[in-house]
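This report is meant for someone meeting the model for the first time. Please look at the sequence and the three-dimensional structure shown here before reading on.

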Amino acid sequence: MNALFRTCPDTGLAFHKPAEALIKANAIAAVVFLAVGGLLGLFVALTRWPAVQILDASRFYQVLTGHGIVTLIVWILFFEIALLYFCSAVLLRCRLATPRLGWLAFALMVIGAAMAAVAILQGGSSVMMTSYVPMPAASHFYLGLILFAVGALIAVFIFFGTLVIARGERTYEGSIPLVTFGALTAAIIAVFTIACGAIILIPTWLWSIGYISHIDPLMYRLVWWGLGHSSQQINVAAHVAVWYAIAALVFGARPMSEKVSRGAFLLYILFISIASAHHLLVDPGVGTEWKIFNTSYAMYLAVLASLVHGLTVPGSIELAQRKKGLNRGLFEWLRKAPWGNPVFSGMFLSLVGFGFIGGISGVVMGVEQINFLIHNTIYVPGHFHGTVALGTTLAFMALSFWLVPVLFRRELIWPKLAKWQPWLFGVGTALQAFFMMGAGTLGVSRRHWDMAFTGSAFEWAYPAMAYTLMGLNGMSAVMAVTGGALFVTIMVGTIVFGKRRGAPAQYSSARPSLLARAPIELHGGSTGHAGLGIGGLATPGTFALAMFLLLVFVVYYVINYAYLASLWKLA
Ligand code: HEM
Ligand SMILES: [Cu+2]
């Protein structure tokens, strides 16, 4: 049987027919679930808005569980599977390994997500995303998650298989492209992540049907966070790969140093699972040395990797722009970037938001002492909306504005509104993160539906400011959800109603042309050292931005320690 390919007339990419169909299916599932998850998020935020409080307690926990699982697991993973197939079969111009198993994986993921959704809807599984034991959920809640994970694992192995095929059939020269390397990083971490998930969720499922009598809650948390934290690193590796892809697509930018970028991805693989310890900083049972070693030494090597990407992605854009003559001052290259193109604006807001909000707050809250200030407060959702909503989700949205028209061969509908989408979602989410972090610093608890604790035996009130902040959070959520809804509408509208791009695609069994090795180019003129910072700074604007990040980080870090000291009323 000969594999069928089409060559995209707009991009030159080669699409293996079954790979194309699988990418489409996974992408559509992703968008549909994002719509559901975003709507649930709106209800969560409106409930936490004290003046609105739209849901009652039991509905709130149910909706919150649905929101967390549908967004962070289902939307993100469907999109990532589409991304893995794209980065292997399409970028390497080769056939996808075992497309039939790809459909099996897809079916398992759909069935698993549906099972978990039904369990949540039935009301007996409002255990939140983290599903800590001994809080029980229905057995089909756990089984659904397990089936979903098995599906995802199969897809990850199809990705590995496709890399092997590409190498065996020599569809590319040299080493795999950096974007594919980033996807490979995500896939390797995914294997570890899903293994942790199996180790903890399978016994929990057996516990839910009565085969196991007891699961130790501390052990549960330890292993669960091997899943919960590492999966966030899959997201980071994937969205960093998307940043590199978009820098190349929009600007023709080339990585400043492939070696450094690849080395940074390697750091993720080596050090990230260790950072899971930052979720156990207040847990008894694990020692202080263990906590401090893992979160304050080893974890910084993973943070270093993100800092490297945060430097080299805008740096490569700056270089590409300067080469085009946008060379005046520190920031002409950035001012004259295509801010009206949602592919670029979404990616850049994702990068800045991830660094300044998600990154700084993450490092600060990962310090054992400071963690006591904000543990289990609404600061935590503030932080991770900076990472997974603003960082990952917005990066995926930005890529979709380019990918969906290419994949479905249709023009984007509503291009004018599309320009606004990243701003609505990005700024709305950033504000949400700020307000939740602010309220959390004032102590507002996480996951408690009523911050006024109405009717409780002991009276307790937060500072008035905390109520205001939670109201502002609700308003920002409306803005973010508007942006999210706009994204979903434009994507679905484009797939269904978008104007067709040219004649229907023709597939042929001819082998696509070889992916040529990119010509090696030295940045910054003749010396060849400029790109390394020797002989003049090639990217002064990016360097200035990096110094600004450092400054914000130091100031914020010190403020938190000062605040911690002020709570210590012994002196
Ligand atoms: C505009 C869209 C969104 C809104 C309005 C929103 C709002 C919220 C709010 C207010 C909470 C905190 C609830 C609480 O603890 O009281 C929350 C929790 C959460 N959100 Fe979002 N969010 C949005 C998008 C996302 C996205 C895109 C993701 C993931 C990719 C995400 C993942 C989560 C998770 C995992 C939780 C925690 C659930 C739990 O505690 O079990 N959210 N969201
Ligand atoms: Cu973590």
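What follows describes helix packing, the surroundings of a ligand, and a few residues in loops.

The model is a predicted one, in which local features need pLDDT of at least 70, side-chain atom pairs count only at pLDDT 80 or more, and totals for chains, interfaces and linings use all residues. Residues are numbered from 1 along each chain as its sequence is written, while chains are lettered from A and ligands numbered from 1 in the order in which they are written.

## Helix packing

Helices, which are DSSP runs of H or I with at least four residues, are numbered from the N terminus.

| Helix pair | Angle | Axis distance |
|---|---|---|
| H7 (residues 258-271) and H8 (residues 288-323) | about 150° | 8 Å |
| H10 (residues 342-365) and H12 | roughly 160° | within 8 Å |
| H2 and H5 (residues 178-208) | about 135° | 9 Å |

Angles under 35 degrees count as roughly parallel, those over 145 as roughly antiparallel, those from 65 to 115 as roughly perpendicular, and the rest as oblique. At an angle of about 150°, H7 is therefore roughly antiparallel to H8. H10 and H12 are likewise roughly antiparallel to each other, whereas H2 and H5 are oblique.

A crossing is called left-handed if the near helix is turned anticlockwise from the far one by less than a right angle, and right-handed if clockwise. H7 passes H8 in a left-handed crossing, and on the side of H7 the contact is made by Val 260, Ser 261, Ala 264, Phe 265, Leu 267, Tyr 268 and Phe 271. From H8 the residues taking part include Ala 298, Met 299, Leu 301 and Thr 312, where two residues are in contact if their C-beta atoms, placed from the backbone, lie within 7 Å.

For the classes used here, Ala, Val, Leu, Ile, Met, Phe, Trp, Tyr, Cys and Pro count as nonpolar, Asp, Glu, Lys and Arg as charged, and the others, Gly among them, as polar. The contact of H7 with H8 has 13 nonpolar, 3 polar and no charged residues.

The crossing of H10 with H12 is also left-handed, and the residues of that contact divide into 15 nonpolar, 10 polar and no charged.

H2 passes H5 in a left-handed crossing as well. Glu 80, Leu 83, Leu 84, Cys 87 and Ser 88 of H2 meet Val 179, Thr 180, Ala 183, Ala 186 and Ala 187 of H5, and by class these are 7 nonpolar, 2 polar and 1 charged.

## Around ligand 1

There are 27 residues around ligand 1, of which Gly 41, Gly 68, Met 128, Met 129 and Ala 480 come nearest; a residue is near a molecule if its C-beta atom, placed from the backbone, lies within 6 Å of it. Helices H1 (17-48), H2 (57-90), H12 (379-408) and H14 (464-497) each supply at least two residues of this shell. Its residues comprise 15 nonpolar, 9 polar and 3 charged.

## Residues in the loops

Most residues other than glycine have a negative phi, and most peptide bonds are trans. A cis peptide bond, with omega about 5°, joins Val 133 and Pro 134, and Pro 134 lies in the loop between H3 (99-122) and H4 (139-168).

Burial is judged by the other C-beta atoms, placed from the backbone, within 10 Å of a residue's own: 20 or more make the residue buried, 12 or fewer exposed, and numbers in between partly exposed. Trp 414, in the loop between H12 and H13 (415-441), has a positive phi near 50° and is partly exposed, with 15 other C-beta atoms within 10 Å. Arg 447 has a positive phi of about 65° although it is not a glycine; this residue sits in the loop between H13 and H14 and is partly exposed, with 18 other C-beta atoms within 10 Å.

Leu 96, in the loop between H2 and H3, counts as buried because it has 25 C-beta neighbours inside 10 Å. Among the residues that Leu 96 touches, not counting those up to four places away in sequence, are His 16, Pro 18, Tyr 85 and Ile 158.

Terms used
Axes are lines fitted to C-alpha atoms, for helices over the stretch in contact, and angles run from 0 to 180 degrees between N-to-C directions.
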